[in-house]
Amino acid sequence: MRSSMKILVTYQSKTGFTKRYAQWIGEELSCECKELTSVDATQLADYDLVIHGGWIMVGMVKGLEKVKSFQPRKLMVFGVGFTDEKEADIKSWIEANKLAGIPFFYYQGGMNPDKMGIVGKTMVKMATKQKPEYVDYTNRDKIQELVAAVK
Ligand SMILES: Cc1cc2nc3c(=O)[nH]c(=O)nc-3n(C[C@H](O)[C@H](O)[C@H](O)COP(=O)(O)O)c2cc1C
């Protein structure tokens with residue numbers, strides 16, 4: 001089935017965790033993986049399925065509005081944040097990001113203060129009341145459900 005399907009993974013990642021998941025998915029599905037800023041609507045029209053991954057900022061999946069505006073034939077989405085999967089309020093994210101009818105997956109990323117920028121660091125510090133420290137929760141096994149859904 002999917003061997004005839006053209007798939008593109010796009011991502012928006014500030015500190016690299018979402019990019020890592022996007023590349024893993026691209027490898028698993030043997031398809032192209034590109035940063036969202038490097039593709040336009042015309043290029044996207046070549047694909048049967050677009051899988052977009054965006055880091056989560058204050059509950060919003062980055063790049064989602066843009067990729068939706070390109071009107072992909074079929075869209076799947078994954079979001080990456082620091083929230084523990086068990087504590088993640090997936091329902092409210094689906095609502096806030098208008099993801100009804102669009103398959104959505106959530107993966108825990110991490111925190112990289114060196115790449116977050118001063119504004120990001122300040123916002124996280126205010127939200128968590130803690131100084132952000134480097135932590136990496138990425139786990140390749142997590143992508144299996146999405147990969148299986150595509151295959
Ligand atoms: C300003 C700011 C807001 C954030 N808001 C959320 C949030 O609402 N929920 C969450 O789970 N993670 C939140 N995060 C954490 C990032 O989503 C997390 O660090 C993610 O792994 C970053 O992905 P990236 O490495 O692809 O940029 C926030 C981080 C920053 C800097």
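Student: How many residues of the shell around the ligand are nonpolar, polar and charged?

Tutor: This is a predicted model, in which local features need pLDDT of at least 70, side-chain atom pairs count only at pLDDT 80 or more, and totals for chains, interfaces and linings use all residues. Residues are numbered from 1 along each chain as its sequence is written. Ala, Val, Leu, Ile, Met, Phe, Trp, Tyr, Cys and Pro count as nonpolar, Asp, Glu, Lys and Arg as charged, and the others, Gly among them, as polar. On that basis the shell divides into 11 nonpolar, 10 polar and two charged.

Student: Which element gives the most to the shell around the ligand?

Tutor: The ligand is surrounded by 23 residues, of which S13, T18, W55, G81 and G109 are the closest; a residue is near if its C-beta atom, placed from the backbone, lies within 6 Å. Two or more residues each come from α1 (17–29), β3 (49–57), β5 (75–81), β7 (110–111) and α5 (113–128). Here helices (H or I, at least four residues) and strands (E, at least two) are DSSP runs, numbered from the N terminus. With four residues, the element that gives the most is α5.

Student: Which handedness does the crossover from β1 to β2 have?

Tutor: Strands pair if DSSP finds at least two bridges between them, and β1 (residues 7–12) and β2 pair in the parallel sense over four bridges. T10 stands opposite K34 in β2. A crossover is right-handed if, with the strands pointing away from the viewer, the path from the first strand over the helix to the second runs clockwise. The chain crosses from β1 through α1 to β2, and this crossover is right-handed.

Student: Which residue takes a positive phi in the hairpin of β3 and β4?

Tutor: Seven of the nine residues of β3 are buried. With β1, β3 pairs in the parallel sense over six bridges, whereas β3 and β4 (residues 60–61) pair in the antiparallel sense over two bridges. Two residues lie between the strands of this hairpin, and the positive phi, near 45°, is that of V58.

Student: Is Q71 buried or exposed?

Tutor: Q71 lies in the loop between α3 (64–69) and β5. Its phi is positive, about 50°, although it is not a glycine. Because 11 other C-beta atoms lie within 10 Å, Q71 is exposed.

Student: Which residue of β6 stands opposite G79?

Tutor: β5 and β6 (residues 104–108) run parallel and are joined by five bridges. Together with helix α4 (residues 90–96), β5 and β6 make a right-handed β-α-β unit. The residue opposite G79 is Y106.

Key. Buried ≥ 20, exposed ≤ 12 C-beta atoms within 10 Å, placed from the backbone.
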